[in-house]
Amino acid sequence: MLTRVTDNTSCYNLNNENMLREVTVEIGLERIDIQEGITVEALLDSRATGLVMSSEFARKQGFKLKKLDRPMYVRNVNSSLNKEEPIEHMVEVNIYYQGHREKTEIDVIGGQKWQVILGMPWLAHHNPEIDWRTEKVKMMRCPEECGKQWRSKQGK
Ligand SMILES: [Zn+2]
């Protein structure tokens with residue numbers, strides 16, 4: 001709804017919490033070391049420049065943390081430095097979603113509201129169609145290698 005300020009009662013609020021849309025998908029995460037899978041609700045967030053897992057969640061689920069060569073400092077959306085510790089670990093997982101399977105690395109960050117966030121690299125790679133009214137996500141525009149990888153893993 002765009003602004004139509006005709007009287008004092010109608011005003012347009014850019015930060016209206018009720019208007020916020022948080023689109024989540026239920027994905028399968030498989031620990032590569034023991035090939036054990038869990039299901040988790042992941043947030044799709046185009047403001048995240050990577051794939052993120054909450055460190056509390058990673059610890060609770062027993063994910064094997066791999067130490068990064070050098071720590072990475074995190075910036076918030078407003079470009080201030082995140083108060084949390086720098087990213088020092090990541091986990092290696094297979095992500096399953098709507099018939100897609102992908103081996104990837106996820107950065108482990110403390111103090112996260114979400115257990116897993118799929119950021120821009122994932123969104124740009126699979127380029128899913130998001131219906132912002134129903135919050136349904138369809139994987140209709142994946143690159144070819146997505147399907148190929150999946151099929152080759154199925155043996156055909
Ligand atoms: Zn895909």
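Two residues are in contact if their C-beta atoms, placed from the backbone, lie within 7 Å. By this criterion Met53 touches Ala58, Val91, Ile106, Val108, Gln115 and Val116, leaving aside residues up to four places away in sequence.

The model is predicted: local features need pLDDT of at least 70, side-chain atom pairs count only at pLDDT 80 or more, and totals for chains, interfaces and linings use all residues. Numbering starts from 1 along each chain as its sequence is written.

Strand 4 (residues 66–72) has 7 residues and the number buried (20 or more other C-beta atoms within 10 Å of the residue's own) is 0, so the strand lies largely in the open. Strand 4 pairs with strand 5 (pairing needs at least two DSSP bridges) in the antiparallel sense over 3 bridges. Met72 stands opposite Ile87 in strand 5.

Confidence is given as pLDDT (per residue, from 0 to 100).

| Part | Mean pLDDT |
|---|---|
| Protein chain | 82 |
| Helix 3 (residues 144–153), lowest | 61 |
| Strand 7 (residues 116–118), highest | 95 |

Of the chain's residues, 75% reach 70 or more. Over residues 150–156 pLDDT stays under 50, and the model has 5 contacts beyond four places in sequence for them. Helices are DSSP runs of H or I, at least four residues.

Note on methods. A residue is buried if 20 or more other C-beta atoms lie within 10 Å of its own, exposed if 12 or fewer, and partly exposed in between; C-beta atoms are placed from the backbone. pLDDT is the predictor's confidence in each residue, from 0 to 100.
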